[in-house]
Amino acid sequence: MALLDPGLQAERTAIAWTRTAACCLANGVLFIPRYLRDRTDVTVLLLVGVAFALTAATFVTARRRRRALARPEPPRPAPAWPLATLAAGNAVFGVLFLLDLLAQQP
């Protein structure tokens, strides 16, 4: 049985978290032009804010997890609350996005 290289696990985790944060950031950036066109739409501003908050939370969670995996001792299981918070935030973002799309229907 081959031993796993803990350095590769930490690297894969860092790449996955970075990719997730980049997706959250891209979602927020995609709404900025809509907000600049119509500054009276509070929903768009809320979507941008939620997306950027998710990005910041993802970066913080990623940094903590990367540090935990970089330690020489085996990492403890990750707490569930950061992932639950990010999942709930993404659910809120999805609902707001759908409401915004429905509001645009003629």
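User: What makes the nonpolar surface patch, and about how many Å² is it?

Analyst: Happy to start there! In this predicted model, L25, V29, I32, L36 and F52 make a nonpolar surface patch of about 370 Å². Helix α1 gives the most to the patch, with four residues.

User: Why is V29 called partly exposed?

Analyst: Set its value against the cut-offs. V29 has a relative accessible area of 42%. Buried means under 20% and exposed means over 50%, with partly exposed in between. Since 42% falls in between, V29 is therefore called partly exposed. You will find V29 in helix α1.

User: How do you know whether L83 is buried, partly exposed or exposed?

Analyst: L83, which sits in helix α3, has a relative accessible area of 46%. That value lies between the 20% and 50% limits, so L83 is partly exposed. While you are looking at L83, find T61 too: the two are 22 residues apart in sequence, and their C-alpha atoms are 8.4 Å apart in space.

User: Why is T55 called buried?

Analyst: T55 has a relative accessible area of 5%. Buried means under 20%, and 5% is under that limit, so T55 is buried. T55 belongs to helix α2. Leaving aside neighbours within four places in sequence, T55 is in contact with A21, C24 and L25.

User: What makes the pairing of the T55 side chain with the backbone nitrogen of L25 a polar contact?

Analyst: Check the distance. The backbone nitrogen of L25 is 3.0 Å from a polar atom of the T55 side chain. A polar contact needs N or O atoms within 3.5 Å, one able to donate a hydrogen and the other to accept it.

User: Which residues touch the most other members of the largest nonpolar core?

Analyst: Those are F31, L47, V50, L54 and F93, out of 13 residues in that core. The elements giving two or more residues to this core are α1 (6-37), α2 (42-70) and α3 (80-104). Its largest share, seven residues, comes from α2. In soluble globular proteins, nonpolar side chains tend to be buried together.

User: What is L54 in contact with, leaving aside its neighbours within four places in sequence?

Analyst: L54 is in contact with C24, L86, G89, N90 and F93.

Technical notes. Residues are numbered from 1 along each chain as its sequence is written. This is a predicted model: local features need pLDDT of at least 70, side-chain atom pairs count only at pLDDT 80 or more; totals for chains, interfaces and linings use all residues. Side-chain values use heavy atoms; hydrogens and water are left out. A nonpolar core is a set of buried Ala, Val, Leu, Ile, Met, Phe, Trp, Tyr and Cys residues joined through side-chain atoms within 4.5 Å. Buried means under 20% relative accessible area, exposed over 50%, partly exposed in between (1.4 Å probe, protein chains only). Contact means heavy atoms within 4.5 Å. Patches are made of residues with over 30% relative accessible area and no salt bridge: like charges are joined within 9 Å, nonpolar side chains (Val, Leu, Ile, Met, Phe, Trp, Tyr) within 5 Å. Accessible areas come from the Shrake-Rupley method with a 1.4 Å probe; for residues, only the protein chains shown count as cover. A salt bridge is a side-chain nitrogen of Lys or Arg within 4 Å of a carboxyl oxygen of Asp or Glu.
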